[in-house]
Amino acid sequence: MNAKQTAQHSRIAVVTGAGSGIGRSVAVELLRAGWSVALAGRRAQTLEGTAALAPEGTGGASIAVPTDVSQPDDVAALFAATVDRFGRVDLLFNNAGTFGPGGVPVEELPYDAWRHVVDTNLNGAFLCAQAAYRQMKEQDPQGGRIINNGSISAHTPRPHSVAYTATKHALTGLTKSLSLDGRPYGIAVGQIDIGNAATDMTARMGTGALQANGEVVPEPVMDVADVARTVRHMAELPLAANVQFATVLATAMPYVGRG
């Protein structure tokens, strides 16, 4: 099946951070639903592991594209490979991110660590959104959807998380601005803010997480598959409808009233 034929039979998604955690779960959910997916992440081996989790015969195809989203050339190559293979881009799940060094007070945070978080979480999200926007504006039929992975930290911080929290607050502004600018071209942009999905990144929650009052207590987590289903719901809406912001969290986690 050539690129044009594939595009006619399947919606096309780019998922960043697809080698593990939320990105892997979302990519597999989309593949199971018949989407074709470009899997982006730093390590080819983990991307291939994600592709192997999708059952055969679902109608969706995948390509693994090793990508550092903080590098403009990598991002350009990712979208070029996607369009070359599948013909278009219908969805970007802008998911790649890093928490950075955990538990470091602001006065002790190295500038290099700050820059790494900003380059990945914010600059990387911008570069991917810009590339997706350019493709969606020019393709025929025009338009598509971008879903940014925010966080509960886009609303309320955890202690000692200044870099992560600052980038996640900035993502909310990126989402709003892209949503406005995309209207004339049928580009819908939304954000999913996630709290305590069970992944390797949140494994420490079960043993204890630092609270605003200084205590360290275990926190409830939820199945990451619930996040994936929510992203799929957002992705499969017609472009005339948009979930601007969705918050999906473990019901009993200390978010409402945090601090």
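Predicted model: local features only at pLDDT ≥ 70, side-chain atom pairs only at ≥ 80, totals over all residues.
Elsewhere, salt bridges with shared partners join Arg-11, Glu-29, Arg-232 and Glu-236 into one network.

The structure holds eight salt bridges. One of them pairs Arg-42 with Asp-68, whose closest N and O atoms are 3.4 Å apart. Arg-42 lies in the loop between strand 2 and helix 3 and Asp-68 in the loop between strand 3 and helix 4, so this pair ties together parts 26 residues apart in sequence. Arg-42 is partly exposed (48%), whereas Asp-68 counts as buried at 18%.

Let's turn to Arg-158 and Glu-219, which form a salt bridge with the closest N and O atoms 2.7 Å apart. The pair links distant parts of the chain, 61 residues apart: the loop between strand 5 and helix 6, and the loop between strand 8 and helix 7. Arg-158 is buried, with a relative accessible area of 13%, and Glu-219 is buried at 5%.

## Helix 4 against helix 5

The axes of helix 4 and helix 5 come within 9 Å and cross at roughly 35°, in a right-handed crossing. The contact comprises eight nonpolar residues, one polar and no charged.

## Strand 9

Strand 9 runs parallel to strand 6, joined by five bridges, and its Leu-249 stands opposite Gly-195. Ala-246 and Val-248 make up the covered face of strand 9, while Phe-245, Thr-247 and Leu-249 form the uncovered one.

Terms used
Residues numbered from 1 in each chain as written. Heavy atoms only, no water. Buried < 20%, exposed > 50% of the residue type's maximum accessible area, 1.4 Å probe, protein only. Helix = DSSP H or I, 4+ residues; strand = E, 2+ residues; numbered from the N terminus. Pairing = 2+ DSSP bridges. Axes fitted to C-alpha atoms, helices over the stretch in contact; angles between N-to-C directions. Left-handed = near helix turned anticlockwise from the far one by under 90°. Nonpolar A, V, L, I, M, F, W, Y, C, P; charged D, E, K, R; others polar. Salt bridge = Lys/Arg side-chain N within 4 Å of Asp/Glu carboxyl O.
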